[in-house]
Amino acid sequence: MTDATALAAAIAAGRITARDAMAASLARARDVPGAISLMLSDDEALALADSAAPGPFCGVPFLGKDLGAVVRGLKQSAGSAAIASRVEAPLRDSALFALFREAGLVPFGLTAVPEVGLALSTEPEGRPPATNPFDATRTPGGSSGGAAAAVASGIVAIAHATDAAGSIRVPAACCGLWGLKPSRGVSPMGPDYNNWLMGIASELVLARSLRDVKTALNRVATTHGRMTPLFAVVLPDTCDETQINATLAAAKVLEAAGYIIQDGPPSSSDKYLSRPMSLIRMILAAALHEGLTATGVPDEELPPLLRAARAEGAALTGTDLFAASRDIMQMSDIILEFFDDADAILMPVLSGPPPKLGAFPMDHADLDAHFLKMEAMAPNAAWANVAGLPALAFPAGFENGLPVGAQLIGRPNSDTALLEFAQPLAHIIDIPFPHPIAGLPK
């Protein structure tokens, strides 16, 4: 298998050194300019590789995301030139990156994001867009699109990612990767909690294999949760035939492994899927207003869409946000009722193939259209964020030259059990990545 675990094993066996693996990643990164927003100098990156901590990923090159948990020495700007000019590189790692380093990962750069993460495509203003390695005219998704492009194009075998409304699962589905949105509070978000977003956001990794995701989770979190082999298949009418067929194929694999499969309610059911994106929109707008104001970014340095979102956030009252926090918990209870009859839900991630580049412009102020477009692209993503559920995206097919993704969603804090139950899906499809992992010996 070609993944981060295999690269770590090659380093441990002396088939390649950590320094040579880093040199290969640095060289590959220069061939994929849209994936990475910031890198250490070659000398700094190579020195870090020489001093990698022992662990399951010892010496494996790693990339942070330009949004979320911070990395020592790498200035995080959320894809915004206006923010970049007003912040400094952190002097210490976040709690999450301290654990990543203890696992042996070697962070040497930050991956690209859409400006302040407010899109499901990764095309920050003034920079080359992140492109899908399987079709350069299409997006690798967002907001962790740079991370997905970096892993699928072979710059690294594994990369940090975050998910507040599908931003791990959407890029995973676009690029044939594995990605877990952990349960609320499972992955550490301190000490700054700058990406907490009232509990809708979670952070972990994107990778080429299930075992890499398992190892990453095991190194940063302790989760519990019993599951029995009962799965519900949810087939939304908003997804195209390719997405539905791939999900059905995954269901057959699980059934052959001894799991019980039953149909679930359609995703349009108001009983458990009402209003998730509207709540997320409110939280993101409030966070955007607070963050930009604290950083001192004026409106005139923002694209029209972000100005509109900031204004929407500024208009919210404390009463509005208090009500939103209550609505989140009420909706969570409603969603959890579904798990009275099932241990996990199997469903598509996307409604169709990855959109073409340019699908999410920010040169307009129509927030309604923007959020409707995001919900239409990933109709099954946001409610797992609102309810704080673990959601594992995985490659379920490969059609017309593009990966097709699906996802398993479990009860809160069943993250470890969910990954174990996904084991029959580990080899459901071998994605023909167009590029090998940099540095991995053949």
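1. The largest pocket is lined by 37 residues, and those nearest its centre are Leu67, Ala78, Asn194, Ala287 and Gly291. A pocket here is an open set of points on a 1 Å grid over the protein atoms alone, where a 1.4 Å probe fits, with protein on both sides within 12 Å along at least five of seven lines; lining residues have an atom within 4 Å of a point. The model is predicted: local features need pLDDT of at least 70 and side-chain atom pairs 80 or more, while totals for chains, interfaces and linings use all residues. Residues are numbered from 1 along each chain, and side-chain values use heavy atoms, without hydrogens or water.

2. Helix H11 (residues 276-295) gives the most to this lining, with 10 residues. Helices are DSSP runs of H or I with at least four residues, and strands are E runs of at least two, numbered from the N terminus.

3. There are zero disulfides, a disulfide being a pair of cysteine sulfur atoms within 2.5 Å.

4. In helix H1 (residues 4-12), the buried residues include Ala4, Leu7, Ala8 and Ile11. Among the elements that cover the buried residues of H1 are helix H2 (18-29) and strand E4 (158-163). After H1 comes Gly14, with a positive phi near 80 degrees.

Note on methods: Buried means under 20% relative accessible area, exposed over 50%, partly exposed in between (1.4 Å probe, protein chains only). Contact means heavy atoms within 4.5 Å.
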